[in-house]
Every structure is written in structure tokens, then in C-alpha cells.
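The sequence and coordinates are shown first, and the description follows.

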Amino acid sequence: MFAALSNPAILLASEEGGGGVEFPPINLIVKWPAAFGEGTFYGFNKIALISMIAMIVPVILFLIAGRKASVVPRGIQNVMEVSVDFIEKQVVLPAIGKDGMRYLPMLMSMFFFIWIGNLFEIIPTSHMPANARMANPIMLAMVAWVMFIGVGVKHHGLKYFKDALFPPGVPKALYLLVTPIEFLSTFLIRPFSLAVRLFANMLAGHILLVTFSVLTITLFGAGILAIAGVLSFGMLVAFTAFEFMVAFLQAFIFSLLTAVYIGGALHPAH
Amino acid sequence: MSAITNAAATVLAQAEVVEQTADEAKSISAASGAGMAYGLAAIGPGIGIGYLVGQAVQAMARQPESAGQVQTTMFLGIAFTEALALIGFVVFILLKFV
């Protein structure tokens, strides 16, 4: 007994399960059972609920903000106007330009859906980002994909594909090399990397928070090692703050990249 | 008769043990491969993002009035560079857990 207390590593290792820290399997932390309709197309689980909330909350916020719109904004109207201003100044104008203002509502809703979905990563009792499952990011990336191809076809017709696949100003013989690369990077890798970026960032953050939570709980139950648990808890708090920033940054980058792609389709001569 | 069944049972049990160790060996090699994949995938983007942000800070220090534009471009560059590390992370998840 005394030997075990003086050497906490033995204490930690002598717990059931072979000892050490017992990490939950990946399915336990990202898969949620459905509340109803398990296995059918209307199966409704935690991710679906969070996605619904992420969809409805911005709608309600903007409705409240716009209901009693005054010239001098106050309260919630002020907050929402700041957010519109942010998307306009940081996303639309640098990436597309003045004529991109008509895509502002789409980028706005994209930003809010992703951001609120991500924020559930650090909201207590939820602790699950909706975008840590591939379904949400891949849908959003497909929306962006259809959008930028649609914009290109609408404004330049089939010449858009010609410009995208055979960029002007390249020697004829090089098209043998350039065209497959352009096809891959523009039409396949773009949506894929857009989806994977969001998905992997949120999943990595989620696993990071789970890891430090498990570590903190294990260390606090391990006698004298609780002192190290304080450090682990500090890291958990710091990473929660970091994930708060990442949630915002990923929503911003996703809408910014969508805007850049739309801008590239709108002005292909860039 | 019973000796034969016993021998068969022993052989079966041994086969099971061999199978289990094969599974374990596979999972061990998958785990080390996963760690290797992510470790290697993190090197390039690490250098890249460090260089990128350093240059962006330099640009912002030289021309503070263009800080907003530099920042937006910096985030774009980080997003493109980071994608490689994230693909490495996805490979890690696929190797380790799937």
C-alpha cells in the first residue's frame, strides 16, 4: 500500500483494463444514437438537432434585428449589422469585389450555419461540433461547388470551362500537362479540400478536448498525481478558448474560400 | 477418442491464438503507421505556415495601413497550406480507427 502511494505510476497502472489512461473508442465520441427513426432517412440524432439549431438561430436573430430597424442601430440590430459589415469588409469585397454583393446573403448564412454548428463544440452539455461528422461539411462543400460552377456558367457560358481547363497565355504543348492538373485541382480537389479542412479541424479539436478531459479525470482520481491533473485541467481550459477561436476561424475561412472560388469564376482573367 | 478431441481442441485454440496475434500485429502496425503518417504530414505545413505568418507579420510591420488585406490573404494561405496537414490527420484517423 505504502509502496503504491509513493509511486503513483503503479497506482495508475494497477487499475482495471491493463492500467494507464483509458481513452474512449472513436465511435463513442462521434457517433450518437438516434432519438427516433434509427437507420431510416429521417433518423434524428444529436448532430441533426445541432444542425437544426444552427439553422434556426440566425434566422430568429436576423428577424428580431430587422423587425424594428432604425437608422441608428441599437441592441441586437447593432450586433447583426456588425456581422453583416464583417462579412462584407473581410470576405466579399477582398475576394469578389463590388459586384459580389449579391452573394452576400448566401455567404452570410453559410458563415452563421458553420459558426453556430462549430460553437456547440464548447457549449457545455453538448460538446459536439456538428461539423465533426463528414455529412455537414460535404454538403456545404457541394453547395459551394455548385455555386461557383453555376456562377461561371451563368456569366461566361461554356467559355467558363474552356478558360478553367485551358488557361490563356500557356504554350499549346503545355496543355497536355496543365489541363489534367487544372481539371483535378478546380473541379475535384477544391470541394474535397474545402470539406476536409472543416471536418478535420473540428474533429481534431473535439478529440483534443476529449483527450484532455479524460486525462484530467484520470489524474484527479490517481492520488498524488492530482497535482499534474491541475496542469492538465489548465490545458483543457486553454484549449477550450483555442477551440472557440478555431470555431470562428473555420467558419470565416470556409466562407472566404467560397467567396474566392466565386470570384475566380466571376472574373476568370485574374 | 477423447484424446483426439482434446488434441483437436488444442489445435483449434492454438489457431485462435495465432489469429489473435496476427490481428494485434496488424493493429500495432496500423497504429505506428498512423502516427508516422501524421508526423510526416505535419512537417511541411508546419514550416510553411511559420514562414507564411512570419512574412505576413513583416509585411504588416512595414505597411500597417495594408494590414487588413494582408491578414485576409494570410488566412487564405494558411487555409491552403494547412489542408495538407489535415489530410494527414484524416489518414491517421482512417488507419487508426477504421
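Predicted model: local features only at pLDDT ≥ 70, side-chain atom pairs only at ≥ 80, totals over all residues.

A:His127 is not a glycine, yet its phi is positive, at about 50 degrees. With a relative accessibility of 41%, A:His127 counts as partly exposed. Here buried means under 20% relative accessible area, exposed means over 50%, and partly exposed lies in between (1.4 Å probe, protein chains only).

A:Thr125 is also placed in the loop between helix H6 (104–119) and helix H7 (135–156) of chain A. Phi of A:Thr125 is near 75 degrees, a positive value in a residue other than glycine. A:Thr125 has 81% relative accessibility and therefore counts as exposed. Most residues other than glycine have a negative phi.

## Chain A as a whole

Chain A contains 10 helices and 0 strands. Its radius of gyration is 24 Å, well over the 18 Å that the globule rule gives for 270 residues, so chain A is more spread out than a compact globule. This radius is taken over C-alpha atoms, and the globule rule is 2.2 Å times the number of residues to the power 0.38. Along the principal axes, the C-alpha atoms of chain A fill a box of roughly 80 × 60 × 40 Å.

Of the 270 residues in chain A, 41% are buried. Among contacts (heavy atoms within 4.5 Å) in chain A with a separation of 6 or more, 67% join residues 24 or more positions apart.

## The interface of chain B and chain A

The contact involves 13 residues from chain B and 20 residues from chain A. About 1400 Å² is buried between the two chains, and carbon and sulfur atoms give 83% of that area. Buried area is the accessible area (1.4 Å probe) that two parts lose on being put together, summed over both.

On the side of chain B that touches chain A there are 11 nonpolar, 1 polar and 1 charged residues. Ala, Val, Leu, Ile, Met, Phe, Trp, Tyr, Cys and Pro count as nonpolar, Asp, Glu, Lys and Arg as charged, and the others, Gly among them, as polar.

## Conventions

Residues are numbered from 1 along each chain as its sequence is written, and chains are lettered from A and ligands numbered from 1 in the order in which they are written. Local features need pLDDT of at least 70, side-chain atom pairs count only at pLDDT 80 or more, and totals for chains, interfaces and linings use all residues, while side-chain values use heavy atoms, with hydrogens and water left out.

Key
Helix = DSSP H or I, 4+ residues; strand = E, 2+ residues; numbered from the N terminus.
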